[in-house]
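Here is a friendly walk through one protein model. Please keep the viewer open beside the text as you read.

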Amino acid sequence: MKKFDKLTVCLDMRGCPNRCRHCWLGDSPNGNMSRDDLVFAADTLRPFADRFEIDFWYREPDFCDNYAEMWELTEKLSDEKTPHFELMSFWRAVRDKDYVPWLFSKGVRECQLTLFGGEEKTDFYVGRKGAYSEILKAAGLLLESKIAPRFQIFVNKDNIGELSEIERLIEDMELEKRCESFGAKFNLFVHQGSCDGENEKLYGVRVTEEDLDKIPKKLSDMTLKYFGKKDLREVFGEKERNLCRALARDRSTFDLRESSPVFYVDGCFDVYPNISAPSSIYKLGNLKNGGEEIAESYLENKSSAQKASAEVPVCEMAEKYGDFKSERLFSAGDYRVYLLNKYCALR
Ligand code: SF4
C-alpha cells in the first residue's frame, strides 16, 4: 500500500471541559483514553507513513492531568514533534499553577483565548458559567509569564453589537502596554468561523454585510492588521447568494486527499481525517480493526464525504442546498465544505 509522506495522528484522550456553540469539532462525549491507548494508536498507524507524529489531544489542548508526561511520550513516539501550538487550556491555567510556566518552557510566547463579547455572551457561547472570568484570569497569568494573550473573537448577529465591551476590556487590562513591557505585541482578530460541527447550528444568525459596520474601529483595524487585509469583506468573505451563483456554473470536483494528512481518533477509537467535524460522513474506520482499513478508506476516498467531494460537481450541491437569496457571509473554502456536509447529510 502507498505510504503517506507524513501522518499526524491526534487522540481525543480526555475531550474538553467546554461545549462551545461555535465548535467545529462538534459535541461528542469526553474520552477517557490511557497511555497504552496512545502507544497502541502509534503502533497501529505508524507503518502507513514515511514520517509519523502523534498528539494527545484535538479538542482542548492539555486537558489531561498528566499533560507534561503525555507531551514527553508523544515526543518519543513521533519522528518529528511540532512545537506547542499557540492554543491553550484556560480551564487548566486557572486550576494548575504549573501549567502556564510549562507553556513558556515549551517555547510558547503568544497564546490564543476566545471571547464572544461580555461575561453573559461569553459564558453562553462557551457553554458554561464562569468561563469569561476564567479567560480573563488566564490572560493575566499569561502576562505574568511573559506570554502575550491573543484574542480571537467569534461574531454572529446576536453578539456583534457587544464588541465595545472587549474594547473596554483591552483598555482596563492595559493589554497593549503590558505586552509591550516584555517586548511582545497584543494581537486580536474578529471573524465568524466556519459553518460545520456545532457552528452549523448558528447558520441562522450568521453575519451579513451590514453587521460589519458594528465592529468598533479599533477591533476592525487590529483584525485587518492581523490578517494583512485591507477590507473586512476580505476577512468575512462573500455573500452566500454570490457564492451560489458562481458555484452553480462550476462543474469542478474536489479531491480532499493530502499526501500528509492529519487523522483524529475519538474516545471510541473511530478515526476521521482533519477536514471538517469528525462525523459519520467522514469516518474512515475504527482503530481496533487495524490500520489498513483506515489508510485504505482515506486513500480510496471511501467515506461518503470524500467520495461525494471527489465525484459530485459542486454545482449540483449548490443547486440543491445553496440559498440563492442569502446575504450571509462565508469564505469560499468554508462554503464549499458547508455544501458538501449538507449534501452528504440530506441527500
Ligand atoms: S471550540 Fe475548543 S474549547 Fe470549545 S468546545 Fe470545541 S474543542 Fe472545546
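## About the model

This is a predicted model, in which local features need pLDDT of at least 70, side-chain atom pairs count only at pLDDT 80 or more, and totals for chains, interfaces and linings use all residues. Residues are numbered from 1 along each chain as its sequence is written.

Helices (H or I, at least four residues) and strands (E, at least two) are DSSP runs, numbered from the N terminus. Two strands pair if DSSP finds at least two bridges between them.

## Around the ligand

The ligand has C16, N18, R19, C20, C23, L25, R59 and E60 around it; a residue is near a molecule if its C-beta atom, placed from the backbone, lies within 6 Å of it. By type, this shell holds four nonpolar, one polar and three charged residues. Here Ala, Val, Leu, Ile, Met, Phe, Trp, Tyr, Cys and Pro count as nonpolar, Asp, Glu, Lys and Arg as charged, and the others, Gly among them, as polar.

Five strands make an open sheet with mixed pairing, in the order 2-1-7-8-9. Strand 2 (49–55) and strand 9 (285–286) are at the edges with a single partner strand each, so one side of each has no neighbour in the sheet.

Strand 1 (residues 4–11) runs parallel to strand 7 (residues 262–265), and four bridges join them. Within this pair, T8 stands opposite V262 of strand 7. Helix 1 (residues 35–45) lies across strand 1, strand 2 and strand 7, at about 160° to strand 1. Such angles run from 0 to 180 degrees between N-to-C directions, with axes fitted to C-alpha atoms, for helices over the stretch in contact.

A parallel open sheet is formed by three strands in the order 3-4-5. Its edges are strand 3 and strand 5 (187–191), each with a single partner strand, so one side of each is left without a neighbour in the sheet. Neighbouring strands of this sheet are turned by 20° against each other on average, direction ignored. Strand 4 and strand 5 run parallel and are joined by five bridges, and R150 has N187 of strand 5 as its bridge partner. Helix 6 packs on this sheet, touching strand 3 and strand 4, and its direction makes about 165° with that of strand 3.

How many residues of helix 6 are buried? Ten of the 14 are, so helix 6 is largely enclosed by the rest of the structure. A residue is buried if 20 or more other C-beta atoms, placed from the backbone, lie within 10 Å of its own, exposed if 12 or fewer, and partly exposed in between. Among the buried residues are Y132, E134 and L141. The buried residues pack against helix 3 (90–93), helix 4 (99–105), strand 3 (110–115), helix 5 (119–126), strand 4 (148–154) and helix 8 (175–180); contact is counted when C-beta atoms, placed from the backbone, lie within 7 Å. After helix 6 comes K146, with a positive phi near 60°.

## Two exposed loop residues

P29 sits in the loop between strand 1 and helix 1. P29 has 10 C-beta neighbours inside 10 Å and therefore counts as exposed. Leaving aside neighbours within four places in sequence, P29 is in contact with G15 and G267.

N289 belongs to the loop between strand 9 and helix 12 (292–299). With 12 C-beta neighbours inside 10 Å, N289 also counts as exposed.
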